[in-house]
Amino acid sequence: MRQVPELVKQIWRTPVWRIKSSEKALFITFDDGPNPYVTPQILEILDAHNAKATFFCVGENVKKYSDVFEMVKSKGHNVGNHTYSHLKGTKTTTKEYIEDIKKASNLIQSKLFRPPYGKIKFRQINRLKKDFKIILWDFITYDYNSKKSPNEIIREIKRRSKNGSIVVFHDSEKAKE
């Protein structure tokens, strides 16, 4: 599993890559939801383990599944903006990207932002950083890859994560298992 090199994280400091914590902790995040088939199951698992997570939501999905979005918030989880249309920043003009994020912001109302695919231009970061805390990750699970078993993903998380690591999962159907 390919991860972002430590040198890149040290040079590119505006996004948050890891959260300093005095306690032993992993910060679990979910991208791409809410999803009516997957998100409620994730919420049950988190409840069973008395765990909280941050859900980076796509505005289109929030609009379609507002009841699931409200369920996430009512259970005490954090939410963040993941654009309205799941745009890849490096393939989108800055103007279009910012407008899409603002459209999602009207629904999500969070100062947390994660760029889909982790793809974002420096100009977009400069425009966003005054209004949002840009959260990337220390470890992405690739849970959407059907060739990765849940056990393999867990082994990799244990092996590669550090105290304060931000770990990315997805609440989408292709990542359900």
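I looked up Glu70 and found it partly exposed, with a relative accessible area of 43%. I note the cut-offs here: buried means under 20% relative accessible area, exposed means over 50%, and partly exposed is what lies in between (1.4 Å probe, protein chains only). The areas come from the Shrake-Rupley method with a 1.4 Å probe, and for residues only the protein chains shown count as cover.

**Entry: the model**

I am working with a predicted model, in which local features need pLDDT of at least 70 and side-chain atom pairs count only at pLDDT 80 or more, while totals for chains, interfaces and linings use all residues. Residues are numbered from 1 along each chain as its sequence is written, and side-chain values use heavy atoms, with hydrogens and water left out.

**Entry: salt bridges**

I took a salt bridge to be a side-chain nitrogen of Lys or Arg within 4 Å of a carboxyl oxygen of Asp or Glu. I get seven salt bridges by that rule.

Glu70 has such a bridge with Lys73, and the closest N and O atoms are 3.4 Å apart. I took helices (H or I, at least four residues) and strands (E, at least two) as DSSP runs, numbered from the N terminus. Lys73 is partly exposed, at 33% relative accessible area.

In helix α5 (residues 94–108) I found Glu99 and Lys95, four residues apart, about one turn of the helix. Their closest N and O atoms are 3.0 Å apart, and the two form a salt bridge. I read 46% relative accessible area for Glu99, which is partly exposed, and 58% for Lys95, which is exposed.

Glu152 pairs with Lys148 in a salt bridge, the closest N and O atoms being 3.6 Å apart. Glu152 is partly exposed at 24%, and Lys148 is partly exposed at 23%.

I also found a network of salt bridges that links Glu156, Arg159 and Arg160.

**Entry: positive patch**

Which residues gather in a patch of positive charge on the surface? I list Lys102, Arg123, Arg127 and Lys130. A patch is made of residues with over 30% relative accessible area and no salt bridge; like charges are joined within 9 Å, and nonpolar side chains (Val, Leu, Ile, Met, Phe, Trp, Tyr) within 5 Å. Lys and Arg count as positive and Asp and Glu as negative, while His and the chain ends are not counted. The place of a charge is NZ of Lys, CZ of Arg, CG of Asp or CD of Glu.

I looked up Arg127 in helix α6 (residues 122–128). Arg127 is partly exposed, with 40% relative accessible area.
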